[in-house]
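Hi,

Here is the model I promised, with its sequence. Have a look first, then read on for what turned up in it.

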Amino acid sequence: MKKFIASGLAAALMLGAAAAAEAETLKLAHDNKGGDPFDNPGHACAQVFSSIVTSDTNGGISVEVYPANQLGSLTEQVQMVRSDVIQATIASTGAIASYYPKIDILNMPFAFTDNAATYEVFDGAFGKALKADIETELGDVVVLGYPDTGGFFAVTNSKKPIKDLADFKGIRLRTMTVPAHQVIINALGAEAYPLAWGEVYSAMQTGVIDGQMNPVPIISFANFGEVQDYMTLTNHLFSPYILMVSKTFWDKQDDHNKDILRYAAQSCVAASRGLSRIIEASDRGVAGLNSSLEITALTPEQRAEMRSVTQPAFEQHIEKTFGDKADALLDLFKEEVTKANESAYLE
């Protein structure tokens with residue numbers, strides 16, 4: 001009997017050791033600050049993804065989250081995912097652009113009427129087509145979803161309130177290293193100044209740049225109210241994150257684990273969207289920023305005037321850059337945006 005118990009215990013220990021040996025680590029990096037997941041959409045997304053994958057695989061995949069560019073810039077993180085040095089990243093469109101220039105088509109200015117319309121577009125036919133095109137072009141990543149960066153872009157600056165098109169003149173605004181962003185800002189009459197994310201705060205503090213553009217939650221958690229005086233709710237761009245994993249890692253997973261990864265990604269996207277809307281509506285959103293920034297909300301007529309100068313410039317940029325190589329994807333984007341704008345509100 002003792003021999004039976006001992007042999008059973010040994011077998012159990014061996015099985016446990018084998019299971020431990022088979023456990024995989026998924027390193028997930030992003031550029032938002034870590035700590036409290038309620039602080040920003042990117043880290044909330046990462047924490048939700050980590051929790052679901054680790055628990056639902058019973059520890060078979062252990063997710064390690066590296067926020068705040070601990071492992072390198074977002075552009076470097078994308079390359080690390082492609083090389084399977086890390087297994088996942090929540091990357092900005094600016095980081096993706098170095099490897100997939102067609103991501104620029106997402107930057108059609110003043111395209112969406114509201115956040116609900118963006119969800120329809122990226123969860124629907126266009127999101128699927130974009131996923132397939134990125135995966136085909138890069139060949140070594142799998143796109144799992146489009147988390148929310150915080151909603152529509154607003155513009156902040158330290159020189160003057162921006163209330164109409166003419167007010168952009170003479171203002172130097174930071175953009176991502178995304179060509180369409182630069183085209184749009186220059187078309188508005190401001191001076192586009194591409195700059196890495198980690199340098200933005202100090203550049204505004206020292207006067208190298210006058211302002212920047214980002215979603216309200218990012219403006220809030222980055223403490224830009226400390227070095228800026230004015231904010232205009234332009235709503236001129238919506239730019240999602242792209243959650244991607246290494247294809248090398250993905251191809252090693254069985255169907256069960258792939259289902260878990262997909263579900264975790266969907267939950268991650270939902271968390272980022274929900275938290276973005278909560279932050280916007282809380283004292284960490286517009287209401288909180290109102291104590292440090294003079295805030296201007298544009299009228300539909302003012303946005304229409306800005307659209308009239310930026311959309312033609314954007315179209316010319318896309319045609320000049322891609323010719324007919326992006327036509328099918330851009331046409332689908334426009335079609336899906338139009339449908340989503342018309343159906344965003346329940347009747």
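About 350 Å³ of space lies in the second largest pocket. Of the 17 residues lining this pocket, Lys131, Leu144, Gly145, Tyr146 and Gln266 are the closest to its centre. Two or more lining residues come from each of α5 (115-123), α6 (125-138), β4 (141-145) and α11 (255-281). The most come from α11, which gives five. By class, this lining has eight nonpolar, four polar and five charged residues.

Before going further: this is a predicted model, where local features need pLDDT of at least 70 and side-chain atom pairs count only at pLDDT 80 or more, while totals for chains, interfaces and linings use all residues. Residues are numbered from 1 along each chain as its sequence is written, and side-chain values use heavy atoms, without hydrogens or water.

The largest pocket has a volume of about 430 Å³. Its lining counts 24 residues, and nearest its centre lie Asp31, Leu74, Ser92, Arg174 and Trp197. The elements giving two or more residues to that lining are α3 (74-82), α4 (93-97), β8 and α9 (216-221). The largest pocket's lining splits into eleven nonpolar, eleven polar and two charged residues.

There is also one cavity of 30 Å³ or more, and the volume of the largest cavity is about 30 Å³. Around the largest cavity sit Leu106, Met108, Ala111, Phe112, Phe152, His236, Leu237 and Phe238. Seven of these lining residues are nonpolar, one is polar and none is charged.

On terms: using a 1 Å grid over the protein atoms alone, a cavity is a set of points where a 1.4 Å probe fits but cannot get out; a pocket is an open set with protein on both sides within 12 Å along at least five of seven lines, and lining residues have an atom within 4 Å of a point. Points join across faces, edges and corners, and a volume is the space filled by probe spheres set on them. Nonpolar means Ala, Val, Leu, Ile, Met, Phe, Trp, Tyr, Cys and Pro; charged means Asp, Glu, Lys and Arg; the others, Gly among them, are polar.

**The six-stranded sheet**

Six strands make an open sheet with mixed pairing, in the order β7-β6-β8-β5-β9-β11. β7 (191-194) and β11 (294-297) are at the edges with a single partner strand each, so one side of each has no neighbour in the sheet. On average, neighbouring strands here are turned by 30° against each other, direction ignored.

β9 (residues 230-233) and β11 run parallel and are joined by four bridges; Leu233 has Ala297 in β11 as its bridge partner. Helix α7 (residues 179-188) packs on this sheet, where it touches β5 (153-157), β6 (172-175), β7 and β8 (211-215), and its direction makes about 155° with that of β7.

Strands count as paired if DSSP finds at least two bridges between them. Helices (H or I, at least four residues) and strands (E, at least two) are DSSP runs, numbered from the N terminus. Angles run from 0 to 180 degrees between N-to-C directions of lines fitted to C-alpha atoms, for helices over the stretch in contact, and contact means heavy atoms within 4.5 Å.

**The five-stranded sheet**

Another open, mixed sheet has five strands in the order β2-β1-β3-β10-β4. Its edge strands, β2 and β4, each pair on one side only. Neighbouring strands in this sheet are turned by 25° against each other on average, direction ignored.

Six bridges pair β1 (residues 24-29) with β2 (residues 61-66) in the parallel sense, and Thr25 stands opposite Ser62 in β2. From β1 the chain crosses through helix α2 (residues 41-56) to β2, a right-handed β-α-β crossover (with the strands pointing away from the viewer, the path from the first strand over the helix to the second runs clockwise). Helix α2 lies across β1, β2, β3, β4 and β10, at about 165° to β2.

β1 also pairs in the parallel sense with β3 (residues 88-91), over two bridges, with Ala88 in β3 as the bridge partner of Leu28. Four bridges join β3 to β10 (residues 242-246), and these two run antiparallel. Here, Ala88 stands opposite Val245 in β10.

Cheers
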